[in-house]
Amino acid sequence: GGKRTQDYVDHALRWLAAHQSPNGGWEAAGFGAWCDGRPVAHGPDGAGNPAYDVGVTGLALCAFLGAGYTNRGTHEFARGVGRGLRYLRNAQDAEGCFGPRAGRRYVFNHAIATLAVLEVCRHTWGSMFRSTGQKALDFIALARNPHLAWRYGVKPGDNDTAVTGWMAMAL
């Protein structure tokens, strides 16, 4: 630990903050398209899948929250964390699922986004995002196989340790 470690963490978080999309999220395919809120002509190679933007946003927010930076206060990351949380709240459907239910693995996005929202609730006593977090937990309960665990989708009948691990961390 110490100051040197904190400097490295803050440097990494500044990189994440610089690559936040104007909509408040982080883009799996377009993370290199933005730098400090402005379009970049040539980003890095190896674009990801845009279907995972909600999950990538949750992971980015977990990095800030894990370092103790929330949407509150006067620190340099407060505004960006708040924008990311609003992005997730706007990506939540009526049943509480974060992100589109496209493809088989959307539950990963949901679990990671839930973890981020609940983490901010824990840090800030959750007044602003408590209902968002509760809806997310309700969806986790809905998606669980009866008396078992989770897999891809809502009650698919079989289980997966990776999905179950993310869901358990959120819970």
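User: Which residues form one aromatic cluster?
Analyst: The aromatic cluster consists of W26, F64, Y69 and F77, where rings of Phe, Tyr and Trp (its six-membered ring) pair if their centres lie within 6.5 Å, and planes under 30 degrees apart count as stacked, over 60 as edge-to-face and the rest as tilted. This is a predicted model, in which local features need pLDDT of at least 70 and side-chain atom pairs count only at pLDDT 80 or more, while totals for chains, interfaces and linings use all residues. Residues are numbered from 1 along each chain as its sequence is written, and side-chain values use heavy atoms, with hydrogens and water left out.

User: How many aromatic pairs does the structure hold, and how is such a pair read?
Analyst: A pair of aromatic rings is described by the distance of the centres and the angle of the planes. The structure holds four such pairs; one of them joins Y69 and F77 edge-to-face, at 4.9 Å centre to centre and with 70 degrees between the planes. Both Y69 and F77 are buried, a term for under 20% relative accessible area, with exposed over 50% and partly exposed in between (1.4 Å probe, protein chains only).

User: Which parts of the chain does the pair of F108 and Y152 link?
Analyst: This pair is tilted, at 6.0 Å centre to centre and 45 degrees between the planes, and it links F108 in helix α4 with Y152 in the loop between α5 (130-143) and α6 (161-170), 44 residues apart. Helices (H or I, at least four residues) are DSSP runs, numbered from the N terminus. F108 counts as buried because its relative accessibility is 16%, and Y152 likewise at 15%.

Notes: Helix = DSSP H or I, 4+ residues; strand = E, 2+ residues; numbered from the N terminus.
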